[in-house]
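Here are some friendly notes to read alongside the model.

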Amino acid sequence: MDIATILGLVGAVVTIVTLIMIDGGNFAQYFDKHAVIIIFGGAFAATLTRYPLPVVLHGIPMGFRCALGMRRISHRDLVEEIAKIADVARKQGPNALEKLDVADPTLAQGVRYIADGYDADFIRTAMETEKDNIYIQLDEAQKIYRSIGDCAPAFGMIGTLLGMVNMFANMTDPSKLGPIMAMALIATLYGAVVANMVCMPIADKCHVKMIEEDIARSIIIDGVVQIRNQKSPQIVKEMLLAYLTDHDRNELAEAA
């Protein structure tokens with residue numbers, strides 16, 4: 001689980017709840033069914049106009065899982081594990097890789113390719129095709145959340161304008177002006193909260209995860225191909241170090 005995402009979402013809720021409690025704790029006055037309909041219905045409808053239905057239905061849950069999830073193994077640990085696999089392949093041969101227990105599923109697939117005797121070109125093509133497919137799916141997910149985040153404030157303003165029209169239509173009854181204006185402003189509040197506390201942060205987190213996943217799969221592909229080409233563990237490790245940050249490289253050097 002990505003603790004940062006959970007802390008961010010919980011922190012946003014706690015911030016709003018705390019402010020409402022400071023102002024008297026009347027949560028009922030901050031709920032309006034018209035605002036809920038205009039924000040969620042309008043933003044979802046606009047997103048459906050932008051993207052096909054299967055993309056929207058697949059992108060919403062995938063984006064949420066992506067924002068909450070973490071890779072099982074870090075880039076630094078990937079490099080170390082690939083170097084160990086290269087050492088096993090060099091000393092015991094490709095057939096010995098069938099007995100290895102590899103945690104990362106993508107790396108495990110690459111190890112199976114080596115053990116089954118596939119050539120390096122096939123391995124690279126197959127794994128890069130899968131990487132591109134995953135990248136496209138993650139990109140669609142972040143675009144869906146960014147679309148909702150773009151639409152929500154606009155529909156909040158639409159809700160506010162509709163409320164103001166209703167307010168001006170009832171100018172003869174001053175007792176209705178306050179409640180109508182409050183309902184109109186709640187639509188703007190909902191739009192700002194949905195966009196800036198949920199959708200846009202999730203879209204940005206998905207973009208970060210896309211980059212991390214792209215680097216991780218590039219490490220795996222290059223490592224697996226080098227192992228298939230029977231390169232020494234040291235050469236494999238040195239080549240993959242280029243993908244790591246200076247911090248990770250320094251920690252690996254200290255550990256060595």
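1. How do the axes of helix 3 and helix 6 cross, and within what distance do they come? Bear in mind as you look that this is a predicted model. The two axes come within 8 Å and cross at roughly 95°. An angle from 65 to 115 degrees counts as roughly perpendicular, so helix 3 is roughly perpendicular to helix 6. On the helix 3 side, the contact is made by Val55, Val56, His58, Gly59, Ile60, Met62, Gly63, Phe64 and Cys66. Helix 6 brings Gln137, Leu138, Glu140, Ala141, Ile144 and Tyr145. Sorted by class, the residues of this contact are 10 nonpolar, four polar and one charged.

2. Now follow helix 3 (residues 53-68) to another partner, helix 7 (residues 174-228). Here the axes come within 9 Å and cross at roughly 70°. Helix 3 and helix 7 are therefore roughly perpendicular to each other. If you enjoy handedness, note that helix 3 passes helix 7 in a left-handed crossing.

3. Is Ile202 buried or exposed? With a relative accessibility of 2%, Ile202 counts as buried, because the cut-off for buried is under 20%. Ile202 sits in helix 7. Leaving aside neighbours within four places in sequence, Ile202 is in contact with Gly63, Phe64, Ala67 and Tyr145. There is also a lesson about folding up a chain here: Ile202 and Arg65 are 137 residues apart in sequence, yet their C-alpha atoms are 9.9 Å apart in space.

4. Compare that with the pairing of helix 1 and helix 7. Their axes come within 11 Å and cross at roughly 175°. An angle over 145 degrees counts as roughly antiparallel, so helix 1 and helix 7 are described as roughly antiparallel to each other. Ala4, Thr5, Leu9, Ala12 and Ile16 of helix 1 meet Val193, Met197 and Lys205 of helix 7. This contact holds six nonpolar residues, one polar and one charged.

5. Which residues have the most contacts inside the largest nonpolar core? They are Leu97 and Leu107, in a core of 32 residues. Helix 4 (75-92), helix 5 (105-115), helix 6 (120-169), helix 7 and helix 8 (233-240) each supply at least two residues of this core. Beyond residues up to four places away in sequence, Leu107 touches Leu78, Glu81, Ile82, Ile85, Val102, Ile220 and Val224. There is a second, separate core of 28 residues, which includes Ile38, Ala141, Tyr190 and Ala203.

6. Ser218 lies in helix 7 and, at 11% relative accessibility, counts as buried. Not counting residues up to four places away in sequence, Ser218 touches Lys131 and Tyr243. Ser218 and Arg124 are 94 residues apart in sequence and 9.9 Å apart in space, C-alpha to C-alpha. Met164, found in helix 6, counts as partly exposed at 26% relative accessibility. Setting aside neighbours within four places in sequence, Met164 is in contact with Met181 and Ala184.

7. Finally, visit the loops. Where is Gln230 found? Gln230 is in the loop between helix 7 and helix 8. Gln230 is exposed, with a relative accessible area of 61%. Its phi is near 65°, a positive value in a residue other than glycine. Gly25 has its place in another loop, the one between helix 1 (3-22) and helix 2 (33-50), and is partly exposed, with a relative accessible area of 25%. Gly25 and Phe64 are 39 residues apart in sequence and 30 Å apart in space, C-alpha to C-alpha.

Notes: Residues are numbered from 1 along each chain as its sequence is written. This is a predicted model: local features need pLDDT of at least 70, side-chain atom pairs count only at pLDDT 80 or more; totals for chains, interfaces and linings use all residues. Side-chain values use heavy atoms; hydrogens and water are left out. Axes are lines fitted to C-alpha atoms, for helices over the stretch in contact, and angles run from 0 to 180 degrees between N-to-C directions. Helices (H or I, at least four residues) and strands (E, at least two) are DSSP runs, numbered from the N terminus. Angles under 35 degrees count as roughly parallel, over 145 as roughly antiparallel, 65 to 115 as roughly perpendicular and the rest as oblique. A crossing is left-handed if the near helix is turned anticlockwise from the far one by less than a right angle, and right-handed if clockwise. Buried means under 20% relative accessible area, exposed over 50%, partly exposed in between (1.4 Å probe, protein chains only). Contact means heavy atoms within 4.5 Å. A nonpolar core is a set of buried Ala, Val, Leu, Ile, Met, Phe, Trp, Tyr and Cys residues joined through side-chain atoms within 4.5 Å. Ala, Val, Leu, Ile, Met, Phe, Trp, Tyr, Cys and Pro count as nonpolar, Asp, Glu, Lys and Arg as charged, and the others, Gly among them, as polar.
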